[in-house]
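The sequence and structure come first.

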Amino acid sequence: MTQGQFEYRDRRSGEIKVDAIYARGFLDWLYNTNSGWFLTQFVMSRRWVSRSYGWWYRQRWTRRKIPAFVEQLGVDLDESMLRPEEFESFNHFITREIDLSRRPIDPGTDVCICPADARVRVYPRLEAHTTLSVKRAAFDLPSLLCDEVLAEGYVGGAAVIARLYLADYHHFHFPDDGIPEAPRNIRGRCFATSPYSRTRSVPFLRENSRAVTVFDSDHFGRIAIIEVGAFTIGSIRQCYQPLRRVRKGTRKGYFELGGSVVLLLFAPGEVRFDADLIGNSASGIETYVPMGMSLGRSATPVLLQSP
């Protein structure tokens, strides 16, 4: 792996690819030098910094950053619903909607889909104090959920960690049919969520601002959906109505600016992950999975009704 790049396997082609880091020099300094880490801990991870950053990139003049960003990160503008000159700001571009016909939803009744375009890692079994990680960010269920009772319901269950990159489609969707509760917002910090640190453990999954939604799904029990905010992300926007039934693939919300993480937690005995995700995860390799593609199947047989 080249310094400043991170490997993943593209599920569609099977190829190992790399993500180049945007603003590599600045982020490398922030997370890998003593002076930068001091500034990160006491200034840059504060919410007001990310909110200020978000305000700046909602201004009209920031549109001029779009062409260079597209070229450097290889953004596929053929998917976009708007042309580059139609975006009102850089943040408007980052939160762009795409032609969702390019993200077909797996129609299998017993299939759980990936909620976002993301680099995915799965944990087929969670113990009470299993330490989960996204690169060098470690956490456990109680620290993630800030709710001991809720965490208990997922002991012995399974988890998906879906990491969005800066160039990705920034919207997230429901993984199954069902009824979502209202999100519970947890206020916190704004550490970067991508694996910029080479040596330090970055506590973003237990300290960053995040939203927890309990989703009463039709085929996978009560899924906990967690969206995690990050450095430069001013907010997590929810677009659904609580307690109203949704279909698999319905848009749930989006992140403003930057990349971030969506997690899915499953109770015991609810899901069987796809074999390639299990194998790659066991080898420490993330798998790029587009929104709408299968993550796994229900562990409970689906009963077909008689005609």
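This is a predicted model: local features need pLDDT of at least 70, side-chain atom pairs count only at pLDDT 80 or more; totals for chains, interfaces and linings use all residues.

In general, the strands of a sheet pair through backbone hydrogen bonds, in either a parallel or an antiparallel arrangement. Here β3 pairs with β18 (residues 294-298) over three bridges, in the antiparallel sense. Within that pairing, Val 111 is opposite Arg 297 of β18.

The next topic is the nonpolar interior. Nonpolar side chains of soluble globular proteins tend to be buried together. The largest nonpolar core of this model has 27 residues, and those touching the most other members are Val 120, Val 160, Leu 264, Phe 266 and Leu 295. Two or more residues of this core come from each of β4 (118-123), β7 (158-163), β12 (222-228), β15 (261-266) and β16.

What does Val 160 touch, not counting residues up to four places away in sequence? Its contacts are Val 120, Arg 121, Val 122, Val 262, Leu 263, Leu 264, Phe 266, Phe 273 and Leu 295. There is also a second, separate core of 21 residues, with Leu 144, Ile 161, Ile 186 and Val 214 among them.

The model has ten aromatic pairs. One of them is formed by Phe 172 and Phe 255, whose ring centres are 5.0 Å apart and whose planes meet at 55°, so the pair counts as tilted. Phe 172 belongs to strand β8 (residues 171-173) and Phe 255 to strand β14 (residues 251-255), so their pairing ties together parts 83 residues apart in sequence. Are these two residues buried or exposed? Both Phe 172 and Phe 255 are buried.

Phe 266 and Phe 273 form another pair, with ring centres 6.0 Å apart and planes at 75°; the pair is therefore edge-to-face.

Elsewhere, ring pairs join Phe 69, Phe 87, Phe 90 and Phe 93 into a cluster. Over the ring of Phe 93 sits the charged end of Arg 96, 4.6 Å from the ring centre. The charged end of Arg 119 likewise sits over the ring of Tyr 8, 4.6 Å from its centre.

Terms used
Residues are numbered from 1 along each chain as its sequence is written. Side-chain values use heavy atoms; hydrogens and water are left out. Two strands pair if DSSP finds at least two bridges between them. Helices (H or I, at least four residues) and strands (E, at least two) are DSSP runs, numbered from the N terminus. A nonpolar core is a set of buried Ala, Val, Leu, Ile, Met, Phe, Trp, Tyr and Cys residues joined through side-chain atoms within 4.5 Å. Buried means under 20% relative accessible area, exposed over 50%, partly exposed in between (1.4 Å probe, protein chains only). Contact means heavy atoms within 4.5 Å. Rings of Phe, Tyr and Trp (its six-membered ring) pair if their centres lie within 6.5 Å; planes under 30 degrees apart count as stacked, over 60 as edge-to-face and the rest as tilted. A charge sits over a ring if NZ of Lys or CZ of Arg is within 6 Å of the ring centre and within 35 degrees of the ring normal.
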